[in-house]
Amino acid sequence: MAPNGGFCFFILIMTSAALAQPPDLTVDDKTVKKLMMKCQSKGFPLPPMSLLNSVFNSSDLIAVDRSAEQSSTILSSFLQVLNSVTPGRKNDPMSQLAQMNEKMTHRMLNCSHLSFMIQKIRNSSDSSSCFLKAFVAPLSWTALITQRASSIDPDSYNALLWAARPVLEDEPSETMKLPTKVEGQNMKSMMNMLREVYKSMTDIQRSRVLNWAKDQILENNFNCTTRPPTDPQASLMLYCKPSLQWLDSESLSIMGPYISQLMPEDIDFCPKHKLCEFFLSAQLRSSMYGAAEMGPSLSKKFLQRIQECFSENEFQHHVDKLGPLACYYDAPDLTSDLCQRLLSQLSNCNYTLNPMLRKHLVNCMMSNSSDSEALLHLGSGVTMLSPEQLSALPATNLSNVLQRLGFDLRWTTGQLLTIVRNQLGDKKCEEVSGKELLALQSVAAGLPTCALKNDKVEEILTDREALKNMSQQMRKGQLKAMLQGLLGKMNPSELVQKLPGPLLRSISLSNLNKANITSLEQVQNKTWSRSQAAYLAQKMFKLKQLQFQRLNSVLQGVTCEMIDNVSDSSVMEMAQAITKTPQWLSKVQARCAAQKLFLTLEKERSDYFKTITEQELDVIPTMLLLHLPPWNVKDLPDSTCRAFLDKMQTANLSSLPLHAPSRPAITQRALLCLSNGRNLSELTIADVSRLGQLLCEVKPSQIQQMAPDVIKFSLRTMAFCFHIAQLHRPDLIQMVNQTFGNPSDWSEKTMECLGPLLLLDDNTTSFLPNKPWMKDVLVFLRSRLHFTSDVLQKKLFDLTTSPSSAARRKRGIAGSGSGSAVNAIDPSEKLIEELGMNNVYWTAPKLETMSNSTFLAAVETLGAIPGYSADQLQVLSHKGVQAFGPVTQMTERDVARLGCITRGFSDSNLEKLPFSLDILEGIAHCGWNNSQMTSVWKSVAKYNNLTVHRMGAAEMVALNRFICGLNSSEIRQLSVDAFRDAVGSIDAVQCSSNMKKLLKNLTVSAFGNPSTWTEARVSDLHSIIAGLDAAEMASLKPSVFAFLTESCVPHIPPENLAALSVAQLEALGPDNAALLTSGQRAVLSGDQLAAVQRAATGSTAPPQNSAQSDSGAPALMGDGFCLLVKPLLLLITGVLLL
């Protein structure tokens, strides 16, 4: 830890003939530390002293007016920062040298010195130079944003840009600063560097760069500004005329991908000939490569202006320059060559925008030829070919395409089965060679399970890359079958070392136990399932090898008991280690680690959080600081506000329960820090930006007190919050209406920016106006939302199918109100493909109007939908008979294409359908009832010549939920060994209560009494746990309840849940507690409900000496909050907030 006062402020004094007295530049060492920690997490070695001496003590530096003593001082400064992020090096020479100059608080460095240091670092090929780049990056960026670019020679300027890049990749959007003035070639160099860090930026940062670039262009090219009058830079220039045509081809080129942040009206300020010039140069396409999705309003505005450059016939010949604008292009009939050019532009389009365009272009290209060259030109468009078209292709041509197009193609089940049949013909499983399996690795999901169990599968193991590619596509049944084949040739220990991710995660706990794992080195760099991680964590714990900094995915399996077992002296190290891989840390684990850390710190000082310093607060991982109890948050001294806000602006709230008392407490404390005695009305946009995700937690009544421009900024930012409290939503939507007017009067761009806030309310969503552009905007927003409501999906259905809406789109006339499915136009192939999962909203009479050819063309889209009503299923299954013939004549491929529609057949007809084991996993989610599952099982047994005696682990996994279709006698005949190997890979089974008991009995036979089950076992059993009776549920250890899965918790019978103790219910954790249904809660006692509430909020009781009235942060401007800590009050709050 750095000493009080902080050593790490570096002053960079740059002298220049152009500046009489340049200002001092300070860089906070926090940025250096953060960048060095990234180097450390990526595994880069520490720099050797030889490299450090070369950079810091070079004779070149001494030659530019630096003494050896000054060079040594800067070196020791570097080492002090390095020592603070790599603890445990007290005795090595580098650490001792750092300590020699520990008390020095500032360092002096001029521009020439920095340039020489950067040159030395650039010339080094040593990977450890990452730490040196981290050191010079903040200094370089500070130099760039505070000094006149004209005072720095071009070579030095480019060197500073190169060195500063890490800062831009890591800087929070709220604190990112850009140079005040950059001219000429330096502006191009700056924008080139900003283009390189584009992908690492947030939308807020990208918009700031775009607006900054616009300011530079106006001031450099037109000597005017649009900055506010209060800006010092604005006082030197005239205000730009509103009609100024400031945008030209050079400006567009300089801005690169940032043009995706332009406003639609900006395009009107580009002269036609300049825009045409930019488009013809193909720079639009290249500029937008890898850019964020351009909104529909800007895309359509760009397209409209560009089309004005040409006649329709001329424009067709330039479709290969459209880039993302092709997504909104309504193409006429084109030649095969032009179809190919346009198709190449559609790869990154949202498929639902214009699904039939891609299919039309593919058919256009295939109209004259089906040779392999023509197929290759299709690219990813080859997935638009129907199963019938694929079946007709010569096997050699299709094979060539499969080898060259890669693994990212998304095939339907029908296409996969057709391709495999095209390539393998009528070969039996045992006749398929390893070479043939490898040739089909890009369509591995379509391979028959039985072919993966034969001896030839061992040949694949020699090609690790192919095995990885295949396993990433495979179904669970295929993975288990391949594992069975491999286990016949090698032992589990070998498999653990050689298998790629998906196959590795399919290894059962029983086989993992046979793998002879004795050290963390064997498992630390692999991705394990949660149940496997729980097994391995327990094993490492017993072996005393639970080294948190090396656990990676094994961290998932760490229990609170293991965290509590960490010695006080190692707690901070543990806390920092586990938060470096937050993707593997659950809310329960984060809460336990936080509680352990806070208790340990309060052992050092009982008033630790009342007297905590900035430096002490800074070393607490932000992810854990979020769990600080409200009474401790209240106690944080004002002197820590800067460090507290720095942490909060980058905090990710996803580890904190939605209704945790810490959320309002931390939010209120952050507002108090920001206001610092001021009214909320005095806060600026810069102030509010520092809240980060906490802005999503601020009450609407508090936002309402802010200045008008701050309110607008806050609402635009909150539009894409991950979560907004239910209680805040009505007032927030009302504020949106007051601030931006009635949504029926909004422009397309305003809807893109603020629409997500309106979509929080179902009633508002239903009555959004049916404007011509509304559907495109909602489709655009849907892909960016964290949650999509059924009301929004229904609204999209109405907008897509309403005849009045379609007519308005042609006429360009706006309308209002909601369309109706009753008045919807008839389903066509185009509409069905465009609607996707929203086809569930067609009425049965409308589905009846569908032609046979339309049904056949769109059957797999319709068959993917699980939520049809009985009336809809009756119509669709009848359509299936019309298309494919009677059920007795249907093929396996026909059944696969029908998908969930097969649920519409009677039980007797289901028994006659050819259900292959290979298609069951794809239809398991369709919502089958018990009698249907019995009929499907009978069909499977007959069609696959399968009996319960011959059913191995692979067959059980492939059978999936349809295991519920077995009768009681058949369940008892299942092999216990096979079940033991299969159960972890079987999806959530929802059987009748009687069948649940039978499966539970089988589970007890395999794994023993439930009271002995571990966290790993409970996690592995999924919903089978719900079959335990009350006594068995009560016998489970409290620690396993955090490892119950979401497929289990809502299905535990209420009377069994009521048998659980307070400790067991409290151990559920936030996510599992939130899954409890109202029926389950209704049978719980007051004490049990209070325990569930504590589990859901992650809250703990305040210390005895903490006054109730003082809990939480103090009120702010008369609008504070009350922290409720008594169990009954917590319960009431939880119910209200749910």
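Is Lys359 buried or exposed? Lys359 is buried, with a relative accessible area of 14% (buried is under 20%, exposed over 50%, partly exposed in between, with a 1.4 Å probe and protein chains only). The model is predicted: local features need pLDDT of at least 70, side-chain atom pairs count only at pLDDT 80 or more, and totals for chains, interfaces and linings use all residues. Residues are numbered from 1 along each chain as its sequence is written, and side-chain values use heavy atoms, without hydrogens and water.

Lys359 is one of the buried residues of H17. Helix H17 spans residues 355-366 (helices are DSSP runs of H or I, at least four residues, numbered from the N terminus). Of its 12 residues, 10 are buried, so H17 is largely enclosed by the rest of the structure. Its buried residues pack against helices H16, H18, H48 and H50 (contact means heavy atoms within 4.5 Å).

Lys359 also forms a salt bridge with Glu829, at 3.1 Å from N to O (a salt bridge is a side-chain nitrogen of Lys or Arg within 4 Å of a carboxyl oxygen of Asp or Glu). This pair links helix H17 to helix H48, 470 residues apart. The whole structure holds 43 salt bridges.

Another joins Arg669 and Asp638, with the closest N and O atoms 2.8 Å apart. Arg669 lies in helix H38 and Asp638 in the loop between helices H36 and H37, so the pair ties together parts 31 residues apart in sequence. Arg669 is buried, at 5% relative accessibility. Asp638 is exposed, at 60%.

How values were computed
Helix = DSSP H or I, 4+ residues; strand = E, 2+ residues; numbered from the N terminus. Expected span 1.5 Å × (residues − 1).
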